Amino acid sequence: MLQNQKVLHSSSQILPPAPSTITPQLQNFPTSTPLPSLKHNCKLSRRELAISGNSSLLLLLGTQILEPFNLSKVRAEEENLNDTSLGCTNKVPTKKAFLDVSIDGKPVGRIVVGLYGETAPAGAARFSSLVSGTAGISYRRKEFVKIMPNYVQHGGVRSYGVDAELAQKTGSNLAIDNLIEEWEKDYVKCSGTKNLAGTVSIIVRDPLKPPPKLKLVARKGKLEIDQEEVGKDPNGTEFVISTKDSPELNVSALVVGKVLEGMQVVEKIGQVKTVQENTSSPYFRVAKLIGDKRAVVAERGFNRPYSKVVITNCGLMA
């Protein structure tokens, strides 16, 4: 028995130890409690999906509703821009006038002007009345008084003396208010350079005119403050013909037409020698600053032609 026990003991030492029984530790996966939260999450996502779907649908419907309105608005703006550009750039002459010009008594040719009776009715009517002589006075035998690098200027008729008496006899009204109103409308409506090369414009205002001076005047034994006008406003009869684009004329001249024929005559007028400007002289600057009338007279003489450039004949064409 003892031997058997020994054998058994030895055999127990030789045999490998029996593997211990490993009990699998099962993880406690939630079975019943998470189900409601999962369903809840699904419900929330569906709700959010429904809300986002409704909002996107409303957005789509809104864009579809507003799209025709926006398109119509854009089309209306484009039509307005086209109408404005057509009224500013593509002006159609309704009347024709001619000006026969001579330099120092020698005829140099005829200028044919097309007048814009639709876009500038007041200015075109003023120019045509002075060309035809229906106003009692006309541009005939009147001179060009200023030749600038970009334009030539005609002196128009005088608002005093014989010209004024003739205008009064025919009952002509040379008021400039309607011309200024027309110039203001055109200035606001049309942007950019209005006095392009070949355009004919009437001078309606003087942007360089100084403000009126204040002075004390004795009236009925009392001193009162009165305003003294310095210089004179244009009378609405002087006109300019642009030889080049003249943006400097936008603030003073109303475009009433354009040269249809005889631009070479205008270029000949622009080549006449003129009195040189002397505005850089210190004496002129001081005289201008203190309001010396001699400076005003000298300034009027700047850019005047040495030769006599006259309109010998003028009128309307059929």
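Start by selecting N303, which sits in the loop between α8 (293-301) and β10 (309-317). Those labels come from DSSP runs numbered from the N terminus: helices are H or I runs of at least four residues, and strands are E runs of at least two. N303 has a relative accessibility of 11%, so it counts as buried. Here is the scale: buried means under 20% relative accessible area, exposed means over 50%, and partly exposed is in between, with a 1.4 Å probe and protein chains only. Now check the backbone: phi of N303 is near 65°, a positive value in a residue other than glycine. Most residues other than glycine have a negative phi.

Before you go on, note that this is a predicted model, where local features need pLDDT of at least 70, side-chain atom pairs count only at pLDDT 80 or more, and totals for chains, interfaces and linings use all residues. Residues are numbered from 1 along each chain as its sequence is written, and side-chain values use heavy atoms, leaving out hydrogens and water.

Next, jump to R141, in the loop between α3 (121-132) and β3 (144-147). Phi of R141 is also positive, near 65°. Is R141 buried or exposed? R141 is exposed, with 71% relative accessible area.

Go back to the α8-β10 loop and select F302, together with F284 in helix α7 (residues 282-289). The partners are 18 residues apart and link distant parts of the chain. F284 is buried at 12%, and F302 is buried at 9%. By this rule there are six aromatic pairs. For a group of rings, select F127, Y139, F144 and F239, which form one aromatic cluster.

Now try S252, in the loop between β8 (239-242) and β9 (253-261). S252 is buried, at 8% relative accessibility. Which residues does S252 touch, not counting those up to four places away in sequence? They are W183, I202, I203, V204, R205 and P207. Contact means heavy atoms within 4.5 Å.

For a surface stop, select L214, L216, L223 and I225, a nonpolar patch with about 500 Å² of accessible area together. Patches are made of residues with over 30% relative accessible area and no salt bridge; like charges are joined within 9 Å, and nonpolar side chains (Val, Leu, Ile, Met, Phe, Trp, Tyr) within 5 Å. A salt bridge is a side-chain nitrogen of Lys or Arg within 4 Å of a carboxyl oxygen of Asp or Glu. I225 is in strand β7 and counts as exposed, at 65%.

Finally, zoom out. The protein has eight helices and ten strands, and 30% of its 318 residues count as buried.

Technical notes
Areas by Shrake-Rupley, 256 points an atom, 1.4 Å probe, with all protein chains shown as cover. Phe/Tyr/Trp six-rings, centres within 6.5 Å; stacked < 30°, edge-to-face > 60°.
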